[in-house]
Amino acid sequence: MKETDYKVDVFTGIRPSGGLTIANVIGSVHTIVKLQSEEHIGRPMVFVADLHALTDAEPKDTQKYVIDVVKDYIALGLNPSKNDIFVQSQIVEEIGEFNLYLSRLISIAELMRVPTLKEKIKKGMSENTANALLAMYPIMMSADILLQKSKFVPVGEDQVAHVEMTRVLATKFNKRYGEVLAVPRVLSLGNPARIKSLDGNGKMSKSNPSGAILLDDPIEISLSKVKIYLENFQKEKALIKDEDVKGILQRGSELARKNAKETIAEVRKAMSLEYV
């Protein structure tokens with residue numbers, strides 16, 4: 001795959017599923033914020049996965065969090081000038097169409113062997129109660145990645161299987177219809193998280209005790225430090241206006257839609273879909 005075949009350097013997503021937890025900050029937020037400083041990897045594109053959220057939630061319970069979750073990430077360090085950010089449903093037509101074409105390239109048995117899908121079904125679901133969209137989740141994720149012709153997809157170990165499926169689907173398509181789709185690469189996130197200092201000065205370290213939670217600290221001191229971490233975050237978030245976020249998302253969607261439409265046009269031509 002030639003470097004010029006890729007349109008997006010790094011592609012990753014966030015779910016609009018309510019308020020963030022400390023675990024989210026240490027995990028996904030830290031990862032995405034860190035990526036924007038890895039200039040040798042390239043510019044990240046971040047999408048709010050509101051369509052993925054439909055696998056286990058109602059739209060009314062997820063759409064209300066779209067703007068809010070973007071504010072959370074910006075308040076925690078995501079720089080809109082260093083990332084392209086859009087909402088998944090802003091290109092729902094292209095995703096839906098491409099989902100249809102990719103579905104032809106995989107069997108139901110193959111879908112059911114996806115490890116993360118099997119895990120989700122185990123957690124309070126069964127094949128009788130899980131909706132079909134959940135089974136289609138790996139295909140939709142592949143559509144997201146391939147429509148943008150993404151080069152790197154940063155994932156933890158539990159999500160590698162999804163990127164591998166995306167690579168398989170892209171390879172199958174290219175073998176059948178010609179070299180159209182850019183095959184993505186896994187960007188491993190196996191390194192330990194670098195937790196930010198509570199006072200915002202570098203990483204959390206015992207050499208800077210005012211910004212760290214020390215295990216030997218008296219409980220009341222630890223609580224006061226966390227209170228000052230949360231107050232700073234909430235102040236930063238309060239300064240971010242809804243209209244500013246909508247403007248950021250609009251700019252991101254224009255690029256995402258352009259990429260998606262170009263890919264769909266190439267896919268249709270390769271498949272000889274003359275009347276679509």
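**Reading a predicted fold, step by step**

Biologist: Where is the place of Ser 272?

Modeller: Ser 272 sits in the segment after α10. Residues are numbered from 1 along each chain as its sequence is written, and side-chain values use heavy atoms, with hydrogens and water left out.

Biologist: Thanks! Is Ser 272 buried or exposed?

Modeller: The general idea is relative accessible area, found with a 1.4 Å probe on protein chains only: buried means under 20%, exposed means over 50%, and partly exposed lies in between. Ser 272 is exposed, because its relative accessible area is 53%. Glu 243, which lies in helix α10 (residues 242-271), is exposed as well, with a value of 56%. For the chain overall, 43% of the 276 residues count as buried.

Biologist: What should I look for in phi?

Modeller: Most residues other than glycine have a negative phi. Here Ser 272 has a positive phi, near 60°. Lys 149, not a glycine either, has a positive phi of about 50°.

Biologist: Where is the place of Lys 149, and what is in contact with Lys 149?

Modeller: Lys 149 is in the loop between α7 and β4. Lys 149 counts as buried because its relative accessible area is 7%. Contact means heavy atoms within 4.5 Å. Leaving aside neighbours within four places in sequence, the contacts of Lys 149 include Asp 5, Tyr 6, Ala 182 and Thr 263.

Biologist: Which side chain joins that of Lys 149 in a polar contact?

Modeller: First the idea: a polar contact is a pair of N or O atoms within 3.5 Å; within protein, one must be able to donate a hydrogen and the other to accept it, and residues adjacent in sequence count only if both atoms are side-chain atoms. In this model the side chains of Lys 149 and Glu 266 are joined by a polar contact of 2.6 Å. A polar atom of the Lys 149 side chain also lies 3.2 Å from the backbone oxygen of Val 180.

Biologist: Now the strands. How many are there?

Modeller: The chain has 10 helices and 5 strands. β1 and β2 pair in the parallel sense over 5 bridges, with Val 10 opposite Pro 44. On to β3 (residues 84-87): β2 pairs with β3 in the parallel sense over 4 bridges, and Met 45 has Asp 84 as its bridge partner. β1 and β4 are parallel too, over 2 bridges, and Val 8 is partnered with Ser 150. Lastly, β4 and β5 (residues 185-188) pair in the parallel sense over 4 bridges.

Biologist: Which way do the residues of β2 point?

Modeller: In a regular strand the side chains alternate between the two faces of the sheet. In β2, Pro 44, Val 46 and Val 48 point one way, while Met 45 and Phe 47 point the other way. Strand β2 (residues 44-48) is mostly covered, with 5 of its 5 residues buried; for β4, 6 of its 6 are buried.

Biologist: What lines the largest pocket?

Modeller: A cavity is a set of points where a 1.4 Å probe fits but cannot get out, a pocket is an open set with protein on both sides within 12 Å along at least five of seven lines, and lining residues have an atom within 4 Å of a point. Here 32 residues line the largest pocket, and those nearest its centre include Gly 13, Arg 15 and Gln 159. Helix α1 gives the most to this lining, with 5 residues.

Technical notes. This is a predicted model: local features need pLDDT of at least 70, side-chain atom pairs count only at pLDDT 80 or more; totals for chains, interfaces and linings use all residues. On a 1 Å grid over the protein atoms alone, a cavity is a set of points where a 1.4 Å probe fits but cannot get out, and a pocket is an open set with protein on both sides within 12 Å along at least five of seven lines; lining residues have an atom within 4 Å of a point. Two strands pair if DSSP finds at least two bridges between them.
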